[in-house]
Amino acid sequence: MARLPEEVHSNKAFGWAAKDSSGVLSPFNFFTRETGEKDVTFKMLYCGICHSDLHMVKNEWGNSIYPLVPGHEIVGEVTEIGCKVQKFKVGDRVGVGCMVGSCHSCDNCINNLENYCPKMIFTYGTKYYDGAVTHGGYSNTMVVDEHFVVSIPENLPLDATAPLLCAGITVYSPLRFYGLDKPGLRVGVVGLGGLGHLAVKFAKAMGTNVTVISTSPSKQKEALENLSADSFLVSRDQDQLQAAIGTLDGIIDTVSAQHPLLPLLGLLKSHGKLVILGIPGKPFELQVFPLIQGRKLIGGSMIGGMKETQEMINFAAEHNIKTDIEVIAMDYVNTAMDRLLKGDVKYRFVIDIGNTLMPSS
């Protein structure tokens, strides 16, 4: 006889969910699975708000499953482990990012690139192996296969660490993969938001010379004085762009809004690399000649595998890299989403789950 979802998933949980594409979140009760032999169960303490959460609650990518509990920048404390768990114990500080499952057998998985597994399971809004829809970090507890859990070093503050599990690995991985992590290289960072400010911090910690490229002259002081970037370019200032032609070894482009690529390609040296991390609503227009002329490359990147994510967290701990955050209460989440839509945050909202998420009746 088939078992009901609440029989298979008998641990009661609570959080906030979007019930439809209006994107409004409200209290929601659900069930998690029992702790399996390789599972880690932990209580949520903090969860960052990623821009993709905003897209998902509004079904702007057309794949949302409601009710939808967002959140994939999650940190907390282990409360229970399965009998075959080897890496964690009760009381450990842990984190979960954008994925909670993969096939473990494809070439990507074998090479520690679970993030590119064709059967990768996202932390929320997708079907798990048992058929249940995954629920994210805007909730009180989570059960996750230990393979997809990272350890958080003691010297990292949990609230400012949460966004590293998405935004941090999103910028760290391409810096490593595309070889833009060598001391003395000149690296450009387009956009100074949630991703951009972390790209500056990681690139500086790797020893590179960092140029922030922004449409907003008002961000120059922040970039140079607070984030210690080496230089600043206003992308709408043709004189500044002309003076910087052919000066950068690589560019990390974090902007999701539509913007021209040609001026950025012009900033690259021969063999330079433009890495795109943002997802604009419309396709880019691309002229091929600037690529051929300097043997330049355009590439992309999406988060990172689990081995690299732990490496990134350890690197952040070693170099004291933290996200610049605004901590909010759970019941402020809808206001935070509205502000995020307007770009009114510096630079990442983090929900204080442990102290402000209350059970709903």
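In which sense do strands β14 and β15 pair, and over how many bridges? In this predicted model, β14, covering residues 268-276, runs parallel to β15, and 4 bridges join them. To find your place along the pair, look for K273, which sits opposite L297 of β15.

Now step back to the whole sheet. It's an open one built from 6 strands, in the order β12-β11-β10-β13-β14-β15, with parallel pairing. β12 (231-234) and β15 (297-300) are the edge strands; each has a single partner, so one side of each lacks a neighbour in the sheet. Going from one strand to the next, the twist averages 20 degrees. Helix α6 (residues 194-205) lies across β10, β11 and β13, and it runs at about 165 degrees to β11.

On to the charged side chains. There are 14 salt bridges in the structure. One of them joins E73 and R348, at 2.6 Å from N to O. This pair ties together distant parts of the chain, 275 residues apart: E73 is in the loop between α2 and β4, while R348 belongs to strand β17. Both E73 and R348 are buried.

R33 and D39 also meet in a salt bridge, at 3.0 Å from N to O. R33 counts as buried because its relative accessible area of 16% falls under the 20% cut-off, and D39 is buried too, at 7%.

What about E326 and R339? Their closest N and O atoms are 2.9 Å apart, and the bridge connects strand β16 with helix α12. Here E326 is partly exposed at 26%, whereas R339 is buried at 16%. Finally, R176, D181, K182 and E311 are linked in a salt-bridge network.

How values were computed:
Residues are numbered from 1 along each chain as its sequence is written. This is a predicted model: local features need pLDDT of at least 70, side-chain atom pairs count only at pLDDT 80 or more; totals for chains, interfaces and linings use all residues. Side-chain values use heavy atoms; hydrogens and water are left out. Two strands pair if DSSP finds at least two bridges between them. Helices (H or I, at least four residues) and strands (E, at least two) are DSSP runs, numbered from the N terminus. Axes are lines fitted to C-alpha atoms, for helices over the stretch in contact, and angles run from 0 to 180 degrees between N-to-C directions. Contact means heavy atoms within 4.5 Å. A salt bridge is a side-chain nitrogen of Lys or Arg within 4 Å of a carboxyl oxygen of Asp or Glu. Buried means under 20% relative accessible area, exposed over 50%, partly exposed in between (1.4 Å probe, protein chains only).
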